[in-house]
Amino acid sequence: MWITEGLTDGKDLQRKVSEKRKMSMLVIFGVLVMFTGDAMGSLSMIPDCSFTQSDPCYGAVGHPLHLQLPFEYELNLRKNDSATHTLSRIFKVKHHRITKMPSDDQRWQFVSKNRTIIISSAEKRDSGKYFLDTFDFSGTSKGMYDLQLVIEENSPPTINLLEFGQSIMCVIEDFYPKPLSIKWKKDDREVRGRDWKTTENDSGSYRAVSVLEANLTSSSPGNKYTCEVTHGGRTYEKNLSPAAQFSLKINPPPAKELFINQRAVLECVLTGDNQKEVEGATVSWTVGGRSPATRDVRVGGVTQAGSAFTKTSTLTLEESVWFSGDEVICSTSVDQRTTSDKISVKRGANSPPTIRLVEFGQSIMCIIEDFYPKSLRIKWKKDDREVRGRDWKTTENDSGSYRAVSVLEANLGSSSPGTKYTCEVTHRGKKYSDNLSSRVQSSLKINPPPAKELFINQRAVLECVLTGDSRKEVEGATVSWTAGGRSPATRDVRVGGVTQAGSAFTKTSTLTLEESVWFSGTEVICSTSVDQRTTSDKISVKRGANSPPTIRLVEFGQSIMCIIEDFYPKSLRIKWKKDDREVRGRDWKTTENDSGSYRAVSVLEANLGSSSPGTKYTCEVTHRGKKYSDNLSSRVQSSLKINPPPAKELFINQRAVLECVLTGDSRKEVEGATVSWTAGGRSPATGDVRVGGVTQAGSAFTKTSTLTLEESVWFSGTEVICSTSVDQRTTSDKISVKRGGQRPSIVIYKPDKTVSDSDSVSLVCEVSSSDLANVYVMWKVNGGQYIEGNSMTTIKNDNTLIVLSYLTVTGQQYNSAEITCAVKDANIQNDLQPRTSSPSKTNSPPTIRLVEFGQSIMCIIEDFYPKSLRIKWKKDDREVRGRDWKTTENDSGSYRAVSVLEANLGSSSPGTKYTCEVTHRGKKYSDNLSSRVQSSLKINPPPAKELFINQRAVLECVLTGDSRKEVEGATVSWTAGGRSPATRDVRVGGVTQAGSAFTKTSTLTLEESVWFSGAEVICSTSRTSERISVKRGGQRPSIVIYKPDKPVSDSDSVSLVCEVSSSDLANVYVMWKVNSGQYIEGNSMTTIKNDNTLIVLSYLSVTGKQYNSAEITCAVKDANIQNDFQPRTSSPSISKVNCPICPVSDWR
């Protein structure tokens, strides 16, 4: 290494070099790069990296690198030798003079003038961890710094061109070093693009983007656009030729044909910018999955409007087909690109929007859902002032209703607390809104201990910094600490005053720990409460020994995700391969785990559905010079689905016939697959199962198995499972009837006008209930066979679920025959006889219901005729003003109206009476509602301790309310498995108060056999109820205790991990024993899902002495199918090296 001190020109430099060589003073690391002539000037440099930075420093092989050192009197630089785990000295400097120089590497130099190390040409062997000790002139330590140096090979860029809108984006990724130049060409002519800022990836490589405003729509087909990149003296390029532009759209049928000819005529319009492509395109139709008759389809010639060419195909359907709701699809193939559009009749009634406001970042999102028709208007307000938002495109739901989103860039961080933001939506002439108020903004962060205190005083001093935008809130906030779950001594904590920087206010609390506590890996948590919001941050020492990555490949959709976990240090490189060919993935940001190790994810858009079976995909990871990989082979694609039983068999033969449909893309696999059934956990009789042959539709092969059950078995709620094994993969689907409450009400709506024999009449059978089961509806005409309706629709109206079945009959049938709607449902009475109704509903006086929603009351007035009525609201006996919505007509010809009273129920006195009074045809009708005390009910599950020690499950039912009188007077009752428990098993405590909330707790004690049987436990008060039951699993789970992978001394602290795992895991209860003492609970418990396995982890901390001398046992109770309630135990047997989620190391 050379020391240089303010050289002025090349001759001066050479003279000083010669003198210093004669004095045998200077060779430490390297040759100073030879500068010649007077142009050299002084060596003032901007360093690339600094020893004060926390992130690794990245360099490239063969390139120079600058390292900035602190300006201290004495510097001592050492490097960690990974082979011997010792520190080797690089150099020592005192007051600009090198006093120790053991190295003979000629590539390094030290510039004393600005305290910089220059590596003239970096090599791979320069990588490693460097430590720099600094001292003042008296020899007092000024701190120790460390820097991770990573030297990587040059990395050439990869280039991708993407169309977006009228522009082309050139994405340039994974290149190193940073400098490059970008040039655009249109055919052979250079054009100007717009370069975005180059950014650095987590791996140290770079990423750049350039955009060309290409106006692709007006480009001639075949125009060639090229993105040319020069990097490291070489040129790379990628080009794109835009294909012909085209679009496809189905126009809905005009009303004229439907009214005059009872036909639906749909147009499929293909539009493109290339006459030849449009003329050559083929257009095809399907209706309900089938091709229509040739006579029903016509294709016109090509027409031109400006630069656009159009071809139109028409499809004619019977109106009954159109109104049945069959999906109609029009498809075309242009220039080897297939596209399609679909349409079906919308059967939805007018539906008002529901609105939700959601914070994301500094913005607010207004989500508007389930409205029909499509048109609406959105307005934003900040307090009472209108502000401008950004509306996203309105989209259609599968149900035919619509969904819209609007975003307000609110800059919430700088908003005054209490600022009110309102999203106001106007739909069909009515206004709906939701609002949100900004809160005090605050953050909390723990700074790690500085090295100085650890070295000089053998103490770790941590700072917890609270920052907020309100001085009052920050001053009033309390800050608390825990270390290893315990509160520290008062003397070890100090809290400073509030300081201000700009608009931010800061308060700092410090915690002092012995260095042995800090280095033991104890988790330290700092918590604070600001504006009734509790925030915390946690930290523990990083013990990061080098840790290789673990890799898992997971399919999701058509893509593959490579999950790379538990590696250290951070730097790695990811490569994808399809068979033996390298392909490009998309890397997500590397994140740090609580343990100090890292986690990375890369995604490959593999299009698995179109991959050949057996295609091998490999994720290869390079970490610290070694390669690790995992692979996955694409499999035969298949799906399994159970179709529910049709109504016909239930009504005619009193049987439920279920179909299990296996669909796959390989005839051989589908033919060879076995299909099996279970009902209520048992295999059905062979005579009840039938398996059909394999059928083909396009490239899909299908095999169907049917299972026949007695209707009593189906309506009992028995779970039915169909399973199959294809290509060594077991797949299953399950189904059961949804059981409801009381039998529903049934009404048939008839026309309100006279019907002639030549007319066609549509009847509607309405089946409704607030707790509706699965229902099956059929019709009868004059006592004949049961027949299905033309269609069936399910809608949700407030708190009522409604099923509508439609039947079309002739006017003659309507006038002369007895028409009946029959319903079967899974009700709590287990009444399986059909319930019937005939067309008898006449227009009548109104029925009124009052419904609370939010702070308001809605008065729903239904089934009245004629239309005219008047609505009046009263609060107690005083008239108040409501807001009436538009009166609408039902399909039956009767009417429906709604009025809303903004009652502010939360601030109403309990017992306030609200009345909705309706005057119709001179008579008054009313309904009323009284504001109630606010209360909640919750059942807490049984703690493990009672189950293990007393073999009892003790459940708590907690009633919380805002009125002491109401909570004291409330009666709490229990049922277990539908029966009331013995009085001795129930205890009710007194009322306690916390703030404005009053709480009463009732406990129920059950034998553990009752709890583990899965009996449903219900806790009820007069106004609400809550229920709970154990989740039952399969076989008993496996249990493993992970032990340390190194010897443990008696003075250490050891964390043991008990892993309970199963693919069908029940609720589990875990406790520990040390020797033969009492059962004790672990320090914490975590549940994770790993592929198809559910894992529960319980953690217990013990002393090293206990670990070395005592028998430590993990005991587990679970709800298994063997009904085995004896604790299952395990002792430490497996090294922590194999643990899926263990602490990094809890012993030194």
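A disulfide is counted here as a pair of cysteine sulfur atoms within 2.5 Å. The model is predicted, so local features need pLDDT of at least 70 and side-chain atom pairs count only at pLDDT 80 or more, whereas totals for chains, interfaces and linings use all residues. Residues are numbered from 1 along each chain as its sequence is written, and side-chain values use heavy atoms, with hydrogens and water left out.

**Exercise 1. Describe the link between Cys562 and Cys619, from its sulfur atoms to its place in the chain.**

Solution. Begin with the sulfur atoms: Cys562 and Cys619 are joined by a disulfide with an S to S distance of 2.1 Å, and the angle of -80° about the S-S bond makes this link left-handed. Cys562 belongs to strand E45 (residues 559–567) and Cys619 to strand E51 (residues 616–623), so that the pair, 57 residues apart, links distant parts of the chain. Finally, check accessibility, where buried means under 20% relative accessible area, exposed over 50% and partly exposed in between, with a 1.4 Å probe and protein chains only. Cys562 is buried at 0%, and Cys619 likewise counts as buried at 0%.

**Exercise 2. Which strands does the disulfide of Cys957 and Cys1019 tie together?**

Solution. The sulfur atoms of Cys957 and Cys1019 lie 1.9 Å apart in this disulfide, which is left-handed with -85° about the S-S bond. Because Cys957 lies in strand E77 and Cys1019 in strand E81, the pair ties together parts that are 62 residues apart in sequence. As for accessibility, Cys957 is buried with a relative accessible area of 1%, while Cys1019 is buried at 0%.

**Exercise 3. Which residues touch the most other members of the largest nonpolar core?**

Solution. Start from the rule that a nonpolar core is a set of buried Ala, Val, Leu, Ile, Met, Phe, Trp, Tyr and Cys residues joined through side-chain atoms within 4.5 Å. In the largest such core, which has 28 residues, the members that touch the most others are Leu955, Trp974, Trp1011, Val1017 and Tyr1069. Several elements give two or more residues to this core, among them strand E77 (952–961), helix H14 (1008–1012) and strand E85 (1068–1074); the largest share, four residues, comes from E77.
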